[in-house]
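Subject: Structure handover

Hi there,

Here is the structure I promised to pass on to you. Have a look at it first, and then read on for what turned up.

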Amino acid sequence: SEPAALTAAYAGATRLLIISTYVAGKSVELHKAAITAAWEAGVKHIVYTSTPNADPDNSNPLLADHGQTEVALAASGSLWHLMDSVTQ
């Protein structure tokens with residue numbers, strides 16, 4: 001919940017597990033803050049707990065949030081993997 005503190009918190013990390021959260025209207029913002037801070041701290045590998053059928057354009061807000069986070073991961077430049085009930 002304190003994005004400005006994340007880069008320092010991730011300093012020295014090479015891998016990061018982001019466990020998704022759902023806070024109506026804020027989840028994507030929080031996930032993007034974690035992704036950006038990880039990139040700034042030099043994290044090279046991110047694992048994100050997503051969901052099957054994540055789609056940024058889905059009418060279901062939970063699936064849309066996961067989809068938007070996956071788009072942000074793809075744009076981040078980091079190596080990343082998704083964990084969902086299909087891949088676990």
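**Helix packing**

Helix 1 (residues 3-10) packs against helix 2 at an angle of about 40°, and their axes are 8 Å apart. That angle makes helix 1 oblique to helix 2, and the crossing of the two is right-handed. On the helix 1 side the contact is made by Pro3, Leu6, Thr7 and Tyr10, and on the helix 2 side by Ala33, Ala34, Ala37, Ala38, Glu40 and Ala41. Sorted by class, the residues of this contact are 8 nonpolar, 1 polar and 1 charged. Before you go further, please keep in mind that this is a predicted model.

Helix 2 (residues 27-41) also packs with helix 3 (residues 61-76), here at an angle of about 20° and with the axes 9 Å apart. Because angles under 35 degrees count as roughly parallel, helix 2 is roughly parallel to helix 3. This crossing, too, is right-handed. Helix 2 brings Ser27, Val28, His31, Lys32, Ile35 and Trp39 to the contact, where they meet Asp65, Gln68, Thr69, Ala72, Leu73 and Ser76 of helix 3. The make-up of the contact between helix 2 and helix 3 is 5 nonpolar, 5 polar and 2 charged residues.

Is Lys32 buried, exposed or partly exposed? With a relative accessibility of 41%, Lys32 counts as partly exposed, since that class lies between under 20% for buried and over 50% for exposed. The C-alpha atom of Lys32 is also 9.7 Å from that of Glu70, although the two residues are 38 apart along the chain.

**Strands**

Strand 2 is mostly covered, with 4 of its 5 residues buried.

**A residue with positive phi**

Between strand 2 and helix 3 there is a loop, and Asn53 lies in it. What is the phi of Asn53? Asn53 has a positive phi of about 65°, although it is not a glycine. As a rule, most residues other than glycine have a negative phi. Asn53 counts as exposed, because its relative accessible area is 64%.

**The chain as a whole**

Stepping back, the chain holds 3 helices and 3 strands. Read from the N terminus, its elements follow the order α-β-α-β-α-β. The chain has 88 residues, of which 35% count as buried. As for how the sequence folds back on itself, take the contacts between residues at least 6 apart in sequence: 66% of them join residues at least 24 apart.

If you open the model, you could begin with helix 2, as it packs with helix 1 and with helix 3.

Key: Residues are numbered from 1 along each chain as its sequence is written. This is a predicted model: local features need pLDDT of at least 70, side-chain atom pairs count only at pLDDT 80 or more; totals for chains, interfaces and linings use all residues. Side-chain values use heavy atoms; hydrogens and water are left out. Axes are lines fitted to C-alpha atoms, for helices over the stretch in contact, and angles run from 0 to 180 degrees between N-to-C directions. Angles under 35 degrees count as roughly parallel, over 145 as roughly antiparallel, 65 to 115 as roughly perpendicular and the rest as oblique. A crossing is left-handed if the near helix is turned anticlockwise from the far one by less than a right angle, and right-handed if clockwise. Contact means heavy atoms within 4.5 Å. Ala, Val, Leu, Ile, Met, Phe, Trp, Tyr, Cys and Pro count as nonpolar, Asp, Glu, Lys and Arg as charged, and the others, Gly among them, as polar. Buried means under 20% relative accessible area, exposed over 50%, partly exposed in between (1.4 Å probe, protein chains only).
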